[in-house]
Amino acid sequence: MQGSQLNHAALEGTILEHELSPLEAIKAYPTAIFWALMVSMCVIMEGYDTILIGNFYAYPQFAKKYGTFFPGVGYQLTAPWQAGLGNASGIGAFFGALLNGFLVTKFGVKRVIVGALIFLSTALFIVFFAPNIQVLLVGQLICGLPWGVFATIAPAYASEVLPLSLRVYLTSYTNMCFIIGQLIAAGVLAGLVNVESQWAFKIPFAIQWVWPAFLIPLLCFAPESPWHLVRVGRLEDAERSLKRLVRKSSGIETKTILASIVHTNELEQELETGTSYKDCFKGPERRRTEIACMAFAGQILSGSSFAYNSTYFFQQVGLNTDTTYKLNVGGTGMALFGTLVSWFLLMPYLGRRTIYLWGMFSMACTLYVIGILNTKTSISGVGMSQAVLTLVWTFVFQLSVGQLGWALPAEMGSTRLRQKTICLARNSYYIVSVISNVLQPYFMNPTEWNLRGYTGFIWGSTAFLTFAWAYFRLPESRGRTFEEMDILFAEKVSARKFKTHQLDSYQGRDVEDVARKLSVAHVE
């Protein structure tokens, strides 16, 4: 299929994407939804570990095994070791994500994700049998490698196997899996906090073997991404993959979908879009990479290291261990509820830009209030009020930035650079997270700066700065196909005009004509 025939079929595919409602897409793509859900389930493990280590700091048996005794304070992990353990898996994930950009290009999604699951299964033995804190840190570092792979493969795969109307739901479902992992961890921690042996923290580590045992045999049968197969020139395999993803009785012609993918890929080739990490910083791709990286890093800059699953903060404001872990479970439940509210009440009606902006602004205000309340700690109940405000922050986070931090990077990069753009975006998250995890123990630890609620002023300020960036730089991607996003970025359309900019003059044209028209627009 070439020339005008390809253009006509691609136009039909684009029109179909715009006209397909979420309900119609669910009926037409049940298999694609299933596989996107299964691949995203790998992220449960990273979400589980994220709060596992951080919450172990306030865990009596863990502190006794790996901490140091301080007179008048009891067993505590020192701030340097808290920072080291908190960052170990993030550093590993940074390199895992970076490596994933190369691996998926060479081997495809299925081989990489199954290989990463097998690798993780062996790495978990180091963590489980760690005799001291040094070995535990090394184990966390190694486990981070496959977690970085999962976090960057899942949103990319979902965006490539699903139609436009379902894209934001299933890319942000990665965030839901993150929350499910945290909810499981919170429940496990709350249930074992009173166990007076090393099994109090060994059982939570051992539970991580459950996911690879379930997912490895299942994902061996997952269809490969049709976009990846087109990029490597395997068009027949791409069509076979599409036939597995689309229900036969839906009446959707897979050839028109394939034509749309091929047309977009050829347009990006005409626009000289490469496939290396270096290409992510050339021409329009530089702006796309910036947006993807800031959208993801915004999850940390919004104050998540302080306000999300903040059991250590609860402990420092005077709440007992039992109340602390119950609030932790409640906070994770609020996160799950916020995700569902966002799916059903916000995303169907509001744009990504609007949700991200209002969410970031609301979180900044909440953090400032927590900081202000810290001036009144002598008043009974202020500590509990601050704790409740962190739950409010968690709810708003999952209404907005928590969801879109995953969805936006999957929509911003060009299709030829999508995997690498997501890897760079996730790595920007890891870099900011490492810095945050180094500073946060010093903010909170009673043997260091002991800022407690005043930390809200610091993270409130970073959240407000991110809000200002988003107002000027974050474009609206709702309702835009990948090819339309290519054209909008190539035309250098202002972020605030993405939603209303008309692209009728480009529809149904040869990729050479579109590229020529865009090059003229650049000159003008």
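## A salt bridge and the basis of the model

D237 forms a salt bridge with R234, in which the closest N and O atoms are 2.9 Å apart; a salt bridge here is a side-chain nitrogen of Lys or Arg within 4 Å of a carboxyl oxygen of Asp or Glu. D237, at 24% relative accessibility, counts as partly exposed, and R234 is also partly exposed, with a relative accessible area of 43%. For these classes, buried means under 20% relative accessible area, exposed means over 50%, and partly exposed lies in between, with a 1.4 Å probe and protein chains only.

The structure is a predicted model, in which local features need pLDDT of at least 70 and side-chain atom pairs count only at pLDDT 80 or more, whereas totals for chains, interfaces and linings use all residues. Residues are numbered from 1 along each chain as its sequence is written, and side-chain values use heavy atoms, with hydrogens and water left out.

## Overall composition

The protein holds 25 helices and two strands, where helices (H or I, at least four residues) and strands (E, at least two) are DSSP runs numbered from the N terminus. Of its 524 residues, 58% count as buried. The accessible surface of the protein comes to about 20,300 Å², and 63% of that surface belongs to carbon and sulfur atoms; accessible areas come from the Shrake-Rupley method with a 1.4 Å probe, and for residues only the protein chains shown count as cover.

Among contacts in the protein with a separation of 6 or more, 81% are accounted for by residues 24 or more positions apart, a contact being heavy atoms within 4.5 Å.

## Nonpolar cores

The largest nonpolar core has 144 residues, and F150 and L219 are those with the most contacts inside it. Helix α9 (residues 164-192) contributes the largest share of this core, 14 residues. A nonpolar core is defined as a set of buried Ala, Val, Leu, Ile, Met, Phe, Trp, Tyr and Cys residues joined through side-chain atoms within 4.5 Å. Leaving aside residues up to four places away in sequence, L219 touches W35, M38, V39, C42, K110, I113, V114 and L117. A second, separate core of six residues includes C280, C293, L417 and L424.

Helix α9 also contains S165, which counts as buried at 15% relative accessibility. Not counting residues up to four places away in sequence, S165 touches L20, S21, P22 and A25.

Of the 17 residues of α14, 13 are buried, so that the helix is mostly covered.

The buried residues of α23 are T455, G456, W459, G460, A463, T466, W469 and A470, and what covers them includes α15 (283-301), α16 (304-307), α19 (352-373) and α22.

## Salt bridges across the sequence

A search of the whole structure finds twelve salt bridges.

Because D486 lies in helix α24 (residues 482-490) and R288 in helix α15, the pair ties together parts that are 198 residues apart in sequence. Both D486 and R288 are buried. Elsewhere, E160, R231 and R418 are linked in a network of salt bridges.

I431, I435, V438, L439 and W449 form a nonpolar patch on the surface, with about 440 Å² of accessible area together. Patches are made of residues with over 30% relative accessible area and no salt bridge, with like charges joined within 9 Å and nonpolar side chains (Val, Leu, Ile, Met, Phe, Trp, Tyr) within 5 Å. L439 lies in helix α22 (residues 418-444) and, at 31% relative accessibility, counts as partly exposed.

K492 is found in the loop between α24 and α25 (511-523) and is exposed, with a relative accessible area of 62%. The phi of K492 is near 60°, a positive value in a residue other than glycine. Most residues other than glycine have a negative phi.
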